[in-house]
Amino acid sequence: MLRLSCPICGTRDYTEFHYGGDARKRRPEHAAADLKAWHDYVFLFDNVKGVHREFWQHLLGCRQWLVVERDTASNVVVSTVLARSAVGTTASVSPGAGASREGNT
Ligand SMILES: [Zn+2]
């Protein structure tokens, strides 16, 4: 069973969370008219085996967005941080398509 450790609420079952996508992808600039870049961002996904950075929202808790590093083969969670504190720490963290990462509290 997958359990995620929310920095605010503590360890909870994954059913309290909503998967928000790949945290490694970089969202195209809003004004970008490059449809291929938007297509690739929205519809193409890597099927990673190993440690993967993912967005998860603690939907039934504090509603904060998290960046979770999880081994997709073993389901072992390597680290969990608030997404707002992870932004800028790596070049790959950015909000996903169609979901607001902030302001849902
Ligand atoms: Zn929480």
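**Note on the predicted model**

1. Y19 stands opposite W56, a residue of β4. The model in which this pair is found is predicted. Strand β4 covers residues 51–57 and runs antiparallel to β3, with four bridges joining the two.

2. The β3–β4 pairing belongs to an open sheet of four strands, ordered β3-β4-β5-β6 with antiparallel pairing. At the edges stand β3 (18–22) and β6 (77–82); each has a single partner strand, so one side of each has no neighbour in the sheet. On average, neighbouring strands here are turned by 30 degrees against each other, ignoring direction.

3. As for the whole protein, there are two helices and six strands. Their pattern along the sequence is β-β-β-α-β-β-β-α.

4. How many of the residues count as buried? The share is 17% of the 105 residues of the protein. Counting contacts between residues at least 6 apart in sequence, 54% join residues at least 24 apart.

5. R63 deserves a look at its backbone: its phi is near 70 degrees, a positive value, and the residue is not glycine. R63 lies in the loop between β4 and β5, the latter spanning 65–71. R63 has 13 other C-beta atoms within 10 Å and is therefore partly exposed.

6. N75 also is a residue other than glycine with a positive phi, here about 65 degrees. Its place is the loop between β5 and β6. Is N75 buried or exposed? N75 counts as exposed, because it has 11 C-beta neighbours inside 10 Å and the cut-off for exposed is 12 or fewer.

Definitions and conventions:
Residues are numbered from 1 along each chain as its sequence is written. This is a predicted model: local features need pLDDT of at least 70, side-chain atom pairs count only at pLDDT 80 or more; totals for chains, interfaces and linings use all residues. A residue is buried if 20 or more other C-beta atoms lie within 10 Å of its own, exposed if 12 or fewer, and partly exposed in between; C-beta atoms are placed from the backbone. Two residues are in contact if their C-beta atoms, placed from the backbone, lie within 7 Å. Two strands pair if DSSP finds at least two bridges between them. Axes are lines fitted to C-alpha atoms, for helices over the stretch in contact, and angles run from 0 to 180 degrees between N-to-C directions.
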